[in-house]
Each structure stands twice: as structure tokens, then as C-alpha cells.
Amino acid sequence: MKLICGFLAVLLAVYSSVAVDKNNFKSCDQSGFCKRLRAFKPERSPFVLNRDTVIVHGNVLSAEVNSVSVENEKKTVLWKYALRLSALVDGTFRVEMDEAEPLYPRYRTQLALDREPKTDSLKLLSEKDGKLTVANSQGHQVIITMDPLKIEFLDARGDVAVVLNEKSLLQVEPLRTKEEKVDVDENGESVVAVDEEGTWGENFKSHHDSKPRGNEAVSLDVTFPQADNLYGTPEHTDKFALRSTVNSEPYRLFNLDVFEYELDSTMAIYGAIPVMYAHGSKRTVGVFWHNSAETWVEVDSRAGTVVSSLVNLVTGADAPAAKDARFMSESGIIDIFVMLGPSPAEATRQYTRLTGPTPLPPKFSLAYHQCRWNYVDEEDVRTLDENFDKHDIPADVIWLDIEYTDRKKYFTWDMEKFGHAGDMVANLTAKGRKMVVIIDPHIKREAGYFLHEHATDNGLYVKNKDDKDYEGWCWPGSSSYLDFLNPAASDYYSERYHYDHFPGTSRDVHIWNDMNEPSVFNGPEITMPKDCRHYKPPHDGHTGIASFWEHRHIHNEYGLFHVRATHAGLLSRDAGKYRPFILTRSAFAGTQRYAAVWTGDNAATWGFLAVSTPMCLSLSVAGVSFCGSDVGGFFQNPGDELMTRWYQVMKESCVGMKESCEKVG
Ligand SMILES: *[C@@H]1O[C@H](CO)[C@@H](O)[C@H](O)[C@H]1NC(C)=O
């Protein structure tokens, strides 16, 4: 399914060529944890499972895991961790690893899962040679090697399908205070750890990140034996099949507003969905890295070891190919779902069971959308509408970008240009057309603007590191950002969509949520500083630093919190009776439950037409099957042939959606 959204660039057509300014965005080396973790390559994993602590109960195996240093054959426990392996229905397992006694709770991603996953049973089958074997009710076995820790998942035929920590890259950086003594010298005595540069603060360009909790990164490697290709982890402008990143930048997952994003790149753009599939002739399996912090994904492929390759050369046998992926996140816990397929359909269904399906979209939303920045007034809309009829082009939806508002104050209309919004909408919808209007998450800081005043008075904004309302620069100028993690902010925002609060709208007016990475023009990497503070439900004993979450923890799910509030508002404006249509630019795992996604500000070139398909395929296997690109590109102007071909691609990709495609054709 594709959106047909022909933004035609006007304002920005002056740019003769399209090029991203890479200096605005971090490379792995400029991102402290990515650089640190990429350099972490121990010969032997320091993590050891403590056999005496293993409990198998219900669907869960729990155990203590220790990180251990070995010197002169003397083992010293450095840190204690809590491991949980759970069996879930439908050939799915979950592995969580947190510190056993963290200084304060580590963040757990909140919104990706549709509901608490349904459980299967888990039985201890055997223990020998330092390995525990457990199985679910479907006969999938999991073999846990204890020293060092390694976890192998076997498919129903008994073949190893997924391995965790085979490459010894598991890491969980313990939370500590600046004075914490964590290192141990050769005599087993504690010594004050020397903080690496950057532990308590990092700089990027003119921005300082205060990192009040210090380093708290997590990392895990996943090996997929007998896999030919890896897919997923959108959103990037790359090919559908992921490539090895060992000698380049890893794939980055960090929702960013990248002006003039480039083709064939592993750079982060608007969406970040950390699910990956491994496909081969034997099976298709998947892993879902449940973490909403900035994440880098290293992909490696190998055709067996050098030795076996030589043997294979001689014998002519197939090399035992494998693909590896390594997930590195700035914070959170280790939390990974392993989905054992074995078919592509089953693997994607297992992922959908976790994060929820795409609801059946309203029919009109599958058809022809007409959009540009900007239709300027009611007459412009009327002329556009009439011209579609005059030329017998069956358009279904007309979109309004930011200029319809009273100087970028959302939920208002510019009364000079759109003084009869209700009439305009009624004229449009009388013949079956719909309207989509934009609502962004930044709020204009202007005295007298009801939304700003209510949010200020009730403490509904994201706070800066000094606990004051965070102020950034966006379309309206000085802006603050609603903290959708606060239920009071989400509920208030949802209610703004009700007809009595948003005059001029009707059941036929739907919503476009843009700029929700969130985009902050003067922020680090054009987004919100990571040390901004979000709401955390009050909890006994959680004071100081433990009484809020940092933006660092939740960044990739900010847009998901935003569209969830929009979705709740559109549903409740009609007492839950009508399916809303919402388009979002930022995306995370689970976004598909609320909104469709488009690929943002592309350009009118053949390369962007070509990449629109792999980008949407990648989003689709990551759950977002309702995906599209700006037809004809956003930046620059398409020639006749490019425009025609783009329409044709849309038509071809609508196979199965016969009626709406006929409208397009
Ligand atoms: C709605 O349609 C009527 C009848 O064509 C027209 O007179 C009126 O100006 C239209 N209103 C708007 C706001 O476009």
C-alpha cells in the first residue's frame, strides 16, 4: 500500500542539487557509546551464569549472571546481573538482562508491545557439560552454555537457528556514581575506577550532553547460522537486504529530521524500528531488540572460517555461512525477543503478535492524496478541488500543511486565509472528498495561546536538565514540547482533537503528525537534548535522578507516544465508532497500531523513486505495512517522465487494492 502524496517543492526548488550536511549528525566515532562498544572485543566473554541460582518456574528460567575477571587463574566477580529467559506462545522467546541491584531503575521501553505477551511453558530437559537445555511446549529447545554465557535457540528440527553472545559482545555498563569503586586490582582490592573521558558528559559541535547517570550502554551480538540475508531495522535509504557494515558506519537507529537525506546510506533518518529477520533456504527467523534509546546495528557476514573455506575449496562443499548482527544501545536493559519462524510469514506474524497489527485503514486513505507545502487559502483549496473535477482526476483527499494555522499554533486556523474552515471542509466532503490537516508536537510559546498556557500551568512540557520547561526552535519560533509520557499531557492533547475544541473539523478531517522525531532546529543533531527530562510515575523512594527519565532513554519512542495520543483523540471524538487515518513521520516498533508512515522529505530524482520500494518493504516487514513516499519527490521538481513513472509505480504497488487503484489509474 502506498500513499500518493505529491508534495511539489516550491520554496526549496532553488536548490540545484540535493545533499545532506553530514556534519550535523554523529558518526559512530562521535557517539561515545558506539565508539566504546565497537572497541569492546574481549577474547572471552566476561559473563558467567551462576548455576546455584537457576530457577525454572512456569514459563521463565531466571538466574544470576556475573561479570568475572580472570587473572592468574583467579576469578573475581565484578558485577551481578539478573537474567530471565521466558517462553512465549508461537515459537517466541524473550531474554532480559538487567543489573541485579542497579543504583536506580534502568529504563524499560514502554509502548512498543501491544499487550503483555502470552506465555508458553518452559521445562528443564537436561544439564551436562556446563550446559542447561530447556524447551517450550512446541519442542523448540534453548541451550544455555554457562561459562562463558552463550544462548542457542534451536528450531523445531533441532538445528541451531539463533545464537546470542557467540562473539562475546554482550555488555551491560553498570550504573554508578562518580565515586563508585568498581575496578579491582591484582590483589582483589577495590580501587577507584578511572573514568574514561566522556563518562560524565559529552560534546557534539556546540552542544553539551550532561550525562547525569554516566555510561549505561548495552550491547549484544546475534548469530544466524545458515542465513543468506538479513532484513529489517528501518529506516534507512539502503537496499532491502542489509549489507556488512564492518568496514563502514553501522546502521544507526535514532529518529532524526535529516534535511535532504541521501541515498544508499546507513545514516539514521526519521524512523527507528529495531527488528531484524534472517532468511535462508533452511528457515526465516527474527529478533526484536526492545530498546528505545539511540541504537547502532553492526552487520557482519561470513562464509565460514578461513580453514573451512579452504576445506570447502578442496571438497567443493558449501561453506557454513552465517550472518551476525550486533545491537548497541546507549541505555536501557538487554531485552530481546527471538522469533523462530520458520517461514517468513510466521516470523512476521510472531513480530506482529508482539507489537500489534496494522488496523484496517479507512478505504479513502488507500487512494489518491493531494498534498503540497502549501495550499495557501480557501480559494486555493477550492480551485484545486475544481480542477481535479475539470480534468477528471479522481483525487480523494486534500492536505493542508502548517500555513493553515494561526501562525503555527496548532488546533487554530488562520482566520484571514481560512476563516470559513467548516464551510471549506463541508464543500469538499459533500462530494466524498476528505481533508487531512497537519498537527505537530512542538507548541508555540506565546502568551494567550491556550495550549501553551495550559501546558505551562500544569507542567505538561518536557523539562530541560535544570528542570525548567525546555525551549527549542521550530516552525513557530520559540517552542516547547509536550511530554506525552505524562498521562495528563497525552489526555489533554487527545481532547484537543474533539470537534468542540477544534472547530472546522469533522469526521472527514484526518490528521498528519509531522516533525515528531522530535525535530528541534537548534538542538543537537536537530533534535531534543538527551539530558532533557520526561515524566516518570511517582514511586516511593525514587527521588533525585531516579524521579524522571531522560530523553536519552525514550527518544525513539517519543513519536509513538505522540501518535498514540492523536489516535486516542480521533477515536474518542466519535465515541470509538470510526477508524481514523493518521500519518506520521517518526516511527518506532508498534507505530503501526496507530498510524501510517511516509518516507519524509525525499527528492524528485530517479534514485528516490527506486529507493521508495525497498524503504517501504523494510518498514513493512517491521510491521508498518501502510507506507508510502512523496510521489514526485519533495525537494526539486520532477520531469514529466519521472512523475508519470512514479504514478505507475504507485498503481502497480496497489495490486490487491483493485478499486482504489482503478481510481488512481
Ligand atoms: C462553499 O461552496 C459554496 C458554493 O459553491 C461557495 O459559495 C462557498 O464560497 C464555498 N465555501 C468555501 C469556504 O470555499
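Helices here are DSSP runs of H or I, at least four residues, numbered from the N terminus. With that settled, I looked up Ser-490 and found it in helix H7, residues 487–496. I am working on a predicted model.

**Entry 1. Ser-490**

Is Ser-490 buried or exposed? I read a relative accessibility of 7%, so Ser-490 counts as buried. The cut-off I used for buried is under 20%. Next I checked what Ser-490 touches. Leaving aside residues up to four places away in sequence, I noted Phe-484 and Ala-565.

**Entry 2. The ligand**

Which residues surround the ligand? I listed Glu-378, Arg-382, His-420, Asp-423, Met-424 and Asn-427. I then sorted this shell by class. I got one nonpolar, two polar and three charged residues.

I looked for polar side-chain atoms facing ligand oxygens. Asn-427 has one at 2.2 Å from an oxygen atom of the ligand. Arg-382 has one at 2.9 Å from a ligand oxygen. I also checked cover. On its own the ligand has 360 Å² of accessible area, and the protein covers 49% of that.

Where does the shell come from? Helix H4 (378–390) supplies at least two of its residues, and so does helix H5 (421–430). H5 gives the most, with three residues.

How many salt bridges does the structure hold? I have 54 in my notes. Side chains of opposite charge can pair when their charged atoms come close.

Next I took Arg-108 with Glu-96. This salt bridge spans 3.3 Å, N to O. Arg-108 lies in the loop between E5 and strand E6 (123–128), while Glu-96 lies in strand E5, so the pair ties together parts that are twelve residues apart in sequence. Glu-96 is buried, at a relative accessible area of 8%. Arg-108 is partly exposed, at 42%.

Then I looked at Asp-98 with Arg-108. Their side chains meet in a salt bridge, with N to O at 3.3 Å. Asp-98 is in strand E5 and Arg-108 is in the loop between E5 and E6, ten residues apart. Asp-98 counts as buried at 12% relative accessibility. I note that Arg-108 pairs with Glu-96 and with Asp-98.

**Entry 3. Cis peptide bonds**

I looked up the cis peptide bonds next. One joins Asp-147 and Pro-148, with omega about -5°. Pro-148 is found in the loop between strand E8 (141–145) and strand E9 (150–154).

Another cis peptide bond joins Gly-341 and Pro-342, with omega about 10°. I placed Pro-342 in the loop between E23 and helix H3 (344–355).

**Entry 4. Positive phi**

I checked for positive phi in residues other than glycine. Asp-264 has a phi of about 55°. I found Asp-264 in the loop between strand E18 (251–253) and strand E19 (275–279). How accessible is Asp-264? At 48% relative accessibility, Asp-264 counts as partly exposed.

Glu-525 also has a positive phi, near 55°. Glu-525 lies in the loop between strand E30 (509–513) and strand E31 (533–534). Is Glu-525 buried or exposed? I read a relative accessible area of 4%, so Glu-525 is buried.

Definitions and conventions
Residues numbered from 1 in each chain as written. Predicted model: local features only at pLDDT ≥ 70, side-chain atom pairs only at ≥ 80, totals over all residues. Heavy atoms only, no water. Near = heavy atom within 4 Å. Polar contact = N/O pair within 3.5 Å; in protein donor to acceptor, adjacent residues only side chain to side chain. Areas by Shrake-Rupley, 256 points an atom, 1.4 Å probe, with all protein chains shown as cover. Nonpolar A, V, L, I, M, F, W, Y, C, P; charged D, E, K, R; others polar. Buried < 20%, exposed > 50% of the residue type's maximum accessible area, 1.4 Å probe, protein only. Contact = heavy atoms within 4.5 Å. Salt bridge = Lys/Arg side-chain N within 4 Å of Asp/Glu carboxyl O.
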